[in-house]
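Student: Could you pick one part of this model and take me through it slowly? I'd like to know what surrounds it and how it ties in with the rest.

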Amino acid sequence: MLKIKNLKAGIEEIQILKGINLEVNAGEIHAIMGPNGSGKSTLSSVIAGKEDYEVKEGSIDFEGEDLLDLSPEERAHKGVFLSFQYPVEIPGISVSNFIKTSVNETRKAKGLGAITAGELLKIMREKMELLNIKKGYLSRSMNDGFSGGEKKRNEIFQLAMLNPKLAILDETDSGLDIDALRIVANGVNQLKNNNNATIIITHYQRLLDYIAPDFVHVLYDGRIVKSGGKELAHELEEKGYDWITKEVDKK
Amino acid sequence: MNLIEKIISYSDKKSISSAKKEELTLFLAEGFPTTKNEEWKYTSLKKIINEEYSIEAIGKSLSDMEISKHSLGISDKLVFLDGVLVSKPSIKNITISDYSEFKGSSLDPLSRLNYSLAKSGYTISIDDNSIIENPIEILFLNTVEGNFKQYRNILNVGKNSEVKFIEKIQNANCNTSFVNCFTQINCEKNAALEYNKIQNNTSKSRLIDRVDICQKEDSICNINTLIFGGDFVRNNLNFEQNGTNAESNMNGISVLNNSQLADNHTFVDHKSAHCRSNEMYKGIYLDKSKGVFNGKIMVRKDSQKIDAFQSNNNLLLSNDSTIDSKPQLEIYADDVKCSHGCTIGQLDEDALFYMRSRGIKELEAKAFLTYAFSSEVIENISLPELQKFAKHLLAKKLNVSLDFEL
């Protein structure tokens, strides 16, 4: 589904990603872990198409197409979804209005007609129940005055509504208390199937107790320096990142 | 012939009272205000008064269907065709008639011209203790290309009465026009008025509109001004609070493109204690459009416990658009709360990326954020049909097919 080859990217003169290689297939869950400043959020922003980053080399192939040629909205239409580490507050636009527009614009790009308000509300209620979201939430302004946990839950709510092929969860666990974490993880697990894939970007192993990854990668200094199964996450939790970074720095 | 010469030759053929003649002479001596006049510093009339107009010409009549194209679908409506009142609703406790004479106070050059030569307009009186359930629409339609037209209106809202209006000055089947309109509104004790102005006229229409509102105690008056169309719009909105516990609210939104100009001049004269005023004007400027805002608030010496709030927020969406914004506070009482704020900005890049990453195309995302910026003003409109219309106009102006509803 996703093939990243020798991806080098940065902001202006500063190179952040120094040659990333990653392959994600349908049905898989990948976790990307790493210390602060290793380039985790840059990687997710580059995949989603944030224009602040300049790609110097490499390619991101998504189902046979190079994502780097596409605008952020076209990537979304192809089925790429980024759950933001810091969701943006948009006063004056209600959650329901935002989601309606997002769903309909995505449908339009696929040549489908607009969904009726009644139908949309029905699906929204279903997904709200899944994520334990209270009534009244739909008419609030997008992320405006939301707590950290509410913002993250709102990201997963959008994920549920848009049903993408590839979901990238950027530090979705940060700012969540243990109950919210369980609800969000449960939501992600329920949305999982053999046709979609998930990349979990996280600093801690905490979220991985609830969402079991098939692969764990360690990102350090702009490169994936180690890959393994879910046992690698446990090892990192026990021993920290030091043993890996020392190993790499020695080379 | 330029407009002044046309006005002279037009007035020579009319027999007018000596009082009017006096004011006309004053106007002609002074001429149209220039940018040397402090009140017109940022808005030049030069180009538009040098064009060729016909004065108070009357054109063809319009079919009901053509008229209804300009209506919001409100059932109670007054329709003026080239200044002639062609239909009016009959509503219990309201008296509606044609133009009637009144002078008004503190005349400026344009209101002198209006007072001396206008002969069309409405006279509306709402009886005391009358709640008018349905909104009333007022359509001033012009059918003559290049017509210069003056309206002079007077509205009295009786004690404890409530009423809502939607007013529209519109060209029908023509593009160029120049309208000079003056409206006097009197709100009696505990009256509640909402007056909505839709200024969405054709691309070569010019409008100078002055409204003087005199409010007695406990009255509430809301004026909403929606500017979407027209080549040139100048609004002068003057509130005079003559009684305690009066409240004056102003909401304005301007969405301009091409080389449109919209100038909102407001003045609130707090002449009594324990009164409030709330003013929120938002402007969205594309292409080479230009906005002007001048908000004057005067708190007189004995007007204690005044709560006055003013804000003017602007979004410049192109490199060539401009806004001149000027708050003007004169406060002579010591126990008052007055605040004002002005912002000028662009769309938030992070919010744009966020929306695009959710599949919303760039143009639509920009339109959506622009709607978010203006939504506070639009939500303040109490009539749902007008709210919907404003959202529709906004989408149209921003070239997207979003309805901003739900």
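Tutor: Let's start at B:L193. Setting aside anything within four places in sequence, B:L193 is in contact with B:V157, B:V163, B:I185, B:C187 and B:C221 (in contact means that the C-beta atoms, placed from the backbone, lie within 7 Å). Some housekeeping before we go on: residue numbers run from 1 along each chain as its sequence is written, while chains are lettered from A and ligands numbered from 1 in the order in which they are written. This is a predicted model, where local features need pLDDT of at least 70 and side-chain atom pairs count only at pLDDT 80 or more, but totals for chains, interfaces and linings use all residues. Chain B averages a pLDDT of 96 (the predictor's confidence in each residue, from 0 to 100), and 100% of the residues score at least 70. For the model, ipTM is 0.96 and pTM is 0.90.

So where does B:L193 belong? B:L193 is among the residues with the most contacts inside the largest nonpolar core, along with A:I47, A:F81, A:I168, A:I200 and B:F368. That core has 159 residues. A nonpolar core here is a set of buried Ala, Val, Leu, Ile, Met, Phe, Trp, Tyr and Cys residues joined through C-beta atoms within 7 Å, and buried means 20 or more other C-beta atoms within 10 Å of a residue's own, against 12 or fewer for exposed and partly exposed in between. Helix 7 (residues 362-379) of chain B gives the largest share of this core, nine residues. Helices (H or I, at least four residues) and strands (E, at least two) are DSSP runs, numbered from the N terminus.

Now for the domains of chain B. Domain 1 (3-347) and domain 2 (348-406) of chain B both contribute residues to this core, so the core lies between them; the bounds come from an automatic or database domain assignment. The C-alpha centres of domain 1 and domain 2 of chain B are 27 Å apart. Each domain of chain B puts 21 residues into the contact. On the domain 1 side, two or more residues come from each of strand 8 (162-171), strand 10 (192-199), strand 12 (220-227), strand 14 (247-256) and strand 16 (276-285) of chain B. Strand 14 of chain B gives the most to that side, with four residues.

B:N190 sits in the loop between strand 9 (176-187) and strand 10 of chain B, and its phi is near 60 degrees, positive although the residue isn't glycine. Is B:N190 buried or exposed? B:N190 counts as buried because there are 20 C-beta neighbours inside 10 Å. Then there's B:N258, in the loop between strand 14 and strand 15 (261-270) of chain B. Phi of B:N258 is positive too, near 45 degrees, but B:N258 counts as exposed, because it has 10 C-beta neighbours inside 10 Å. As background, most residues other than glycine have a negative phi.

Moving on to a strand, B:R206 lies in strand 11 (residues 204-215) of chain B. B:R206 has 23 C-beta neighbours inside 10 Å, so it counts as buried. Past its neighbours within four places in sequence, B:R206 is in contact with B:I48, B:S177, B:F178, B:D231 and B:F232. For a sense of distance, B:A29 is 177 residues from B:R206 in sequence and 23 Å from it in space, C-alpha to C-alpha.

B:K271 is partly exposed because 19 other C-beta atoms lie within 10 Å. Leaving out residues up to four places away in sequence, B:K271 touches B:E240, B:Q241, B:N242, B:R300 and B:S303.

Finally, how do the two chains meet? In all, 25 residues of chain A are in contact with 20 residues of chain B. Helix 2 (72-78), strand 7 (90-94) and helix 3 of chain A each supply at least two residues of the chain A side. Helix 3 of chain A gives the largest share of that side, eight residues.

Technical notes: Contact = placed C-beta atoms within 7 Å.
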